[in-house]
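User: Here is a model I would like to go through with you. Please start with the overall picture and then take a close look at one part of it.

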Amino acid sequence: LAYARLPAEVRASHVRPETWGQRGWAEGERAVATNGALDNKGWLFANPVPFSSPEAEARQRRRWPIQHPPNYWPTAFPDGLRQAYLAYGSALHEANIRCQCAEALALGLPERTFASRLTDGPHNTRALIYWPLTEEMLGQAAWGGEHVDFNDETVLGGGIWVTPDGE
């Protein structure tokens with residue numbers, strides 16, 4: 001929350017447009033699907049899953065540069081929070097692997113049929129911060145602007161709800 005309270009110009013300096021919002025900070029994009037309404041949130045994207053080898057990392061980044069950019073950590077992002085963020089994303093990834101194995105078994109397939117395809121994939125963890133709505137924004141803000149979930153599954157890890165005054 002402290003990061004989200006930084007001045008907008010500081011947060012804007014951490015945006016990495018070359019990653020198409022797949023790494024680093026982004027916020028307030030206009031949504032085409034909602035006639036240009038403001039996507040009223042900020043988010044930080046990072047890949048919590050290490051590549052299987054330096055060669056695999058180089059190959060995937062060369063082949064799929066938009067899906068595999070390096071992680072970018074804003075200077076104002078505390079190191080302890082970065083480690084917790086990566087651990088959280090890694091735990092969600094492990095839960096996804098368990099789901100993939102269960103799905104394969106339910107279909108009568110070998111257990112790792114789907115999970116084996118996750119190695120060196122474009123994994124993302126995204127922390128969302130929804131800004132308080134103003135009276136003028138009611139009925140205007142988009143809560144999920146146009147985007148593509150290009151991974152095999154989206155795993156939602158729950159949330160922490162905090163009021164604007166920090167409660």
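What percentage of the contacts in the chain with a separation of 6 or more comes from residues 24 or more positions apart?

Analyst: Happy to. This is a predicted model, in which local features need pLDDT of at least 70 and side-chain atom pairs count only at pLDDT 80 or more, while totals for chains, interfaces and linings use all residues. Residues are numbered from 1 along each chain as its sequence is written, and side-chain values use heavy atoms, with hydrogens and water left out.

To your question: residues 24 or more positions apart account for 65% of the contacts with a separation of 6 or more, a contact being heavy atoms within 4.5 Å. The chain has three helices and five strands, arranged along the sequence as α-β-β-β-β-α-α-β. Here helices (H or I, at least four residues) and strands (E, at least two) are DSSP runs, numbered from the N terminus. Of the 167 residues, 32% are buried, where buried means under 20% relative accessible area, exposed over 50%, and partly exposed in between (1.4 Å probe, protein chains only).

Now to helix 3. Its 28 residues should span 40 Å at 1.5 Å a residue, and its end C-alpha atoms are 41 Å apart, which agrees; the expected span is 1.5 Å times one less than the number of residues. The buried residues of the helix are Y85, G89, L92, H93, N96, I97, Q100, C101 and A104. An α-helix has 3.6 residues a turn, so residues three or four places apart point the same way. Among the elements covering the buried residues of helix 3 are strand 4 (41–46) and strand 5.

A search of the whole structure finds one aromatic pair. That pair is W73 with Y85, edge-to-face, at 5.8 Å centre to centre with 85° between the planes. By the rule used, rings of Phe, Tyr and Trp (its six-membered ring) pair if their centres lie within 6.5 Å, with planes under 30 degrees apart counted as stacked, over 60 as edge-to-face and the rest as tilted. W73 lies in the loop between helix 2 and helix 3 and Y85 in helix 3, so the pair ties together parts that are twelve residues apart in sequence. Both W73 and Y85 are buried. Leaving aside residues up to four places away in sequence, W73 touches L44, A46, R82, Y85 and L86. W73 and Y85 also belong to the largest nonpolar core, whose nine residues include W25, F77 and W131; such a core is a set of buried Ala, Val, Leu, Ile, Met, Phe, Trp, Tyr and Cys residues joined through side-chain atoms within 4.5 Å.

Not counting residues up to four places away in sequence, H93 touches V49, L118 and H123.

Just after helix 3, G108 takes a positive phi of about 75°. In the loop between helix 3 and strand 5 (125–130) sits D120, which has a positive phi of about 65° although it is not a glycine. Most residues other than glycine have a negative phi. D120 counts as buried, at 10% relative accessibility.
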